[in-house]
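Time to open the notebook and write down what I looked up today. Here is the model I was working from.

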Amino acid sequence: MQAFADAWSAACAVRASKLLVPASYVFLVGPITFTGDSCEPNMAFQVDGTILAHAAGSTAWNSGAVTQWLEFKNVRGLSIQGCGAIDGQGSEWWSGGSVAGDAKMGANVTVMGITIKNSPRFHLTLDTCRAVEVHDVAVSSPRDSPNTDGIHLAASVGVSIHHSIIACGDDCISIQDGCSDVFVRSVHCGPGHGISIGGLGKSGASEFVSDVTVQDVTLNQTMTGVRIKTWQGGSGSVKNVRFTDVRVSAVKTPIVIDQYYCDHATCTNQTSAVAVTAVAYQGVTGTYTERPVYLACSDAAPCSGIQLADIKLSPVKDDAGHHLQGPFCWKAYGEVVLPVEPPVDCLRAVAP
């Protein structure tokens with residue numbers, strides 16, 4: 001790990017420098033933060049070899065006090081690139097509760113070409129970032145690995161994610177509070193929980209997400225397709241969201257708005273909610289295994305401006321004996337632009 005720290009310090013002193021993890025080499029690295037406060041701009045972190053995390057229980061983790069593994073902070077113009085792999089060796093964490101993330105980055109960042117796999121928790125976190133591009137990246141962990149989001153966005157503006165393949169045990173892409181101007185396209189997701197905005201509003205928080213476009217994506221055997229999830233009791237808003245050209249295959253529920261999200265056995269009923277407005281679903285096609293559309297909106301803050309257009313969803317044809325249900329809506333208002341199959345007659349035209 002000291003070798004990485006020394007190499008980073010040396011590269012920092014030179015504008016447009018490159019730190020190389022050479023091909024055919026494997027490096028065992030403990031938690032480390034690469035800080036750019038004193039760095040010249042436009043650095044490249046070139047991963048052509050393999051970076052391995054220490055196993056769970058190693059003293060490198062300081063008894064679980066660390067929440068990130070490879071962290072990049074305050075770097076002006078950072079490119080993380082290459083044909084190599086970052087392996088979090090997370091299997092031991094999954095059975096005992098995961099505590100360590102995989103990679104967290106700030107500032108103007110490009111991530112391209114690399115493989116990130118088997119993270120103890122989130123694979124790639126972009127927190128408080130501006131002008132970020134992620135492309136041609138592969139994320140891989142088993143479908144039963146808990147809390148292993150593929151790409152996790154928080155408080156980030158101007159993010160483009162495209163031409164990437166994500167397989168994990170939680171959301172392939174998770175878009176959280178403070179995110180806006182997010183563009184996702186040409187992404188394959190599965191296994192996983194789908195592409196999600198939220199959960200927002202937990203513990204009464206006021207949270208906001210806006211101006212998100214998800215386009216030309218494929219989801220295979222995921223729990224949901226494209227989803228917005230908010231906790232009861234929160235406030236804030238989700239607005240100006242477009243899901244277009246979404247292909248689903250054997251997805252449990254392709255279209256979801258859930259303002260009653262709860263990841264426990266039970267959650268307390270509360271009246272306030274994060275408002276969900278101006279959300280369009282256009283060109284969502286393929287097969288589902290349980291329910292095609294689920295729009296469960298709040299009594300206090302009904303969903304408004306929901307558009308369903310050119311929806312063609314059919315139950316999967318196999319011998320698994322799925323318990324199929326029809327579309328569900330509660331306090332959801334908007335418009336249906338035909339064709340929409342199956343019909344979603346429960347989406348009401350006029351908000352109260």
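I began with Tyr294, which counts as partly exposed because its relative accessibility is 28%; buried means under 20% relative accessible area, exposed over 50% and partly exposed in between, with a 1.4 Å probe and protein chains only.

Some bookkeeping before I go on. This is a predicted model, where local features need pLDDT of at least 70, side-chain atom pairs count only at pLDDT 80 or more, and totals for chains, interfaces and linings use all residues. Residues are numbered from 1 along each chain as its sequence is written, and side-chain values use heavy atoms, with hydrogens and water left out.

**Aromatic pairs**

I recalled that a pair of aromatic rings is described by the distance of the centres and the angle of the planes. The rule I used pairs rings of Phe, Tyr and Trp (its six-membered ring) if their centres lie within 6.5 Å; planes under 30 degrees apart count as stacked, over 60 as edge-to-face and the rest as tilted. How many aromatic pairs does this rule give? I noted 10.

Tyr25 and Phe27 are stacked, because their ring centres are 6.3 Å apart and their planes lie at 25°. I put Phe27 down as partly exposed, since its relative accessible area is 26%.

Tyr294 came back here: with Phe328 it makes a stacked pair, 5.2 Å centre to centre and 20° between the planes. This pair links distant parts of the chain, with Tyr294 in strand 25 (residues 293-296) and Phe328 in strand 27 (residues 328-330), 34 residues apart. Strands (E, at least two residues) are DSSP runs, numbered from the N terminus. Phe328 has a relative accessible area of 31%, so I filed Phe328 as partly exposed.

I also found one aromatic cluster formed by Trp8, Phe34, Phe45 and Phe72.

Thr33 has Glu71 as its bridge partner in strand 6.

**Charges over rings**

My test was NZ of Lys or CZ of Arg within 6 Å of the ring centre and within 35 degrees of the ring normal. The charged end of Arg121 sits over the ring of Phe122, 4.3 Å from its centre. Lys331 has its charged end over the ring of Trp330, 5.6 Å from the centre.

Methods
Two strands pair if DSSP finds at least two bridges between them. Helices (H or I, at least four residues) and strands (E, at least two) are DSSP runs, numbered from the N terminus.
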